[in-house]
Amino acid sequence: MLDIATAGFASTLRFVEPADLTRSTPNPGWTVRDLLNHVVGGNRRYVLLLTGAPTEEVEALRDLDHLTTDPYADFVATAAEVSTAFRGPGVLDRIVHHRWGDRTGLQLLFLRITEHALHGWDLARAIDADDSLDLSVADFLLAAIDVDPTLVNPNAFAIPPNDDGLTGAARLLALTGRG
């Protein structure tokens, strides 16, 4: 699922032109550049989390500028690094100190899939591109949330909507305040 969500984000990012970097996104107060910096920085932080870096080292990356003049290359490189980190031996069972509390590597994987999928939607909306979510990713994320609601930041998710007739993607977007 991470690979699918990552590919979706990257396919939208290919369309971003330098002039798009100042466009607003659905994320209040964020430009496209802010969103890209957040996602690339998140990839870097997760690599550190998964490789046992101390919390201070991980958090020190939070306020840095992670983008070069080629945000697409920045994303692709860091997405490959995070994908490799998640495939390390024992990583999914490892407990790490995330800012929302201790999490397993598996829980972090869920969060990264969420970030790539939902911020891919945000990016698409910002640049007027196709904002379709991959249905398998949306269904996966909804199923995981149903099993373990603690996987998500409760401040970032809305009260689940009445989902009569909504597709998995529409339900996920509504749940995250994007629908």
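## Notebook: one predicted chain

**Entry 1. Burial and overall form.** I began with burial: 46% of the 179 residues in the protein chain are buried. I noted at once that this is a predicted model. Next I looked at the secondary structure, and I counted 7 helices and 2 strands. Which order do they follow along the sequence? I read the pattern as α-α-α-α-β-β-α-α-α.

Then I checked the overall dimensions. The C-alpha trace spans about 40 × 40 × 25 Å along its principal axes. The radius of gyration is 16 Å. A compact globule with 179 residues would have a value near 16 Å, so the chain agrees with that rule.

Entry 2. I looked up how far apart in sequence the contacting residues are. I took contacts between residues at least 6 apart in sequence, and 68% of them join residues at least 24 apart.

The accessible surface comes to about 9100 Å². Carbon and sulfur atoms account for 56% of that surface.

How many side chains are positive, and how many negative? I found 14 positive and 25 negative ones. The centres of the two sets lie 2 Å apart.

**Entry 3. The nonpolar cores.** I went inside the chain. The largest nonpolar core has 35 residues. Phe86, Leu108, Leu133 and Leu172 have the most contacts inside this core. Which helices each supply at least two residues of this core? I listed helix 1 (2-13), helix 2 (32-50), helix 4 (71-86), helix 5 (105-126), helix 6 (135-147) and helix 7 (168-175). Helix 5 gives the most, with 8 residues.

I picked Phe86 and looked up its contacts, leaving out residues up to four places away in sequence. Phe86 touches Leu2, Tyr46, Leu50, Val91, Leu92, Gly105, Leu108, Leu109 and Arg112.

**Entry 4. Trp30.** I moved to the loop between helix 1 and helix 2, where Trp30 is found. Trp30 has a relative accessible area of 27%, so I wrote down partly exposed. That value falls between the cut-offs of 20% and 50%. Which residues does Trp30 contact, leaving aside neighbours within four places in sequence? I found Arg23, Ser24, Thr25, Leu35, His38 and His119. I also checked Trp30 against Thr6, which is 24 residues apart from it in sequence. Their C-alpha atoms are 20 Å apart in space.

**Entry 5. Leu61.** I went on to the loop between helix 3 (55-60) and helix 4, which holds Leu61. Is Leu61 buried or exposed? Leu61 is buried, because its relative accessible area is 18% and buried means under 20%. Leu61 touches Arg44, Arg45, Leu48 and His66, not counting residues up to four places away in sequence. Leu61 and Val39 are 22 residues apart in sequence. In space I read 12 Å, C-alpha to C-alpha.

**Entry 6. Gly88.** The loop between helix 4 and strand 1 (95-98) contains Gly88. I noted Gly88 as partly exposed, at 22% relative accessibility. Gly88 and Thr51 are 37 residues apart along the chain. Their C-alpha atoms are separated by 9.0 Å.

**Entry 7. Asp128.** I ended in the loop between helix 5 and helix 6, at Asp128. What is the phi of Asp128? I read a value near 60 degrees, which is positive, in a residue other than glycine. Most residues other than glycine have a negative phi. Asp128 is exposed, because its relative accessible area is 65% and exposed means over 50%.

How values were computed
Residues numbered from 1 in each chain as written. Predicted model: local features only at pLDDT ≥ 70, side-chain atom pairs only at ≥ 80, totals over all residues. Heavy atoms only, no water. Helix = DSSP H or I, 4+ residues; strand = E, 2+ residues; numbered from the N terminus. Rg over C-alpha atoms; globule rule 2.2 N^0.38 Å. Buried < 20%, exposed > 50% of the residue type's maximum accessible area, 1.4 Å probe, protein only. Contact = heavy atoms within 4.5 Å. Areas by Shrake-Rupley, 256 points an atom, 1.4 Å probe, with all protein chains shown as cover. Lys, Arg positive; Asp, Glu negative; His and termini not counted. Charge placed at Lys NZ, Arg CZ, Asp CG, Glu CD. Core = buried A, V, L, I, M, F, W, Y, C linked by side-chain atoms within 4.5 Å.
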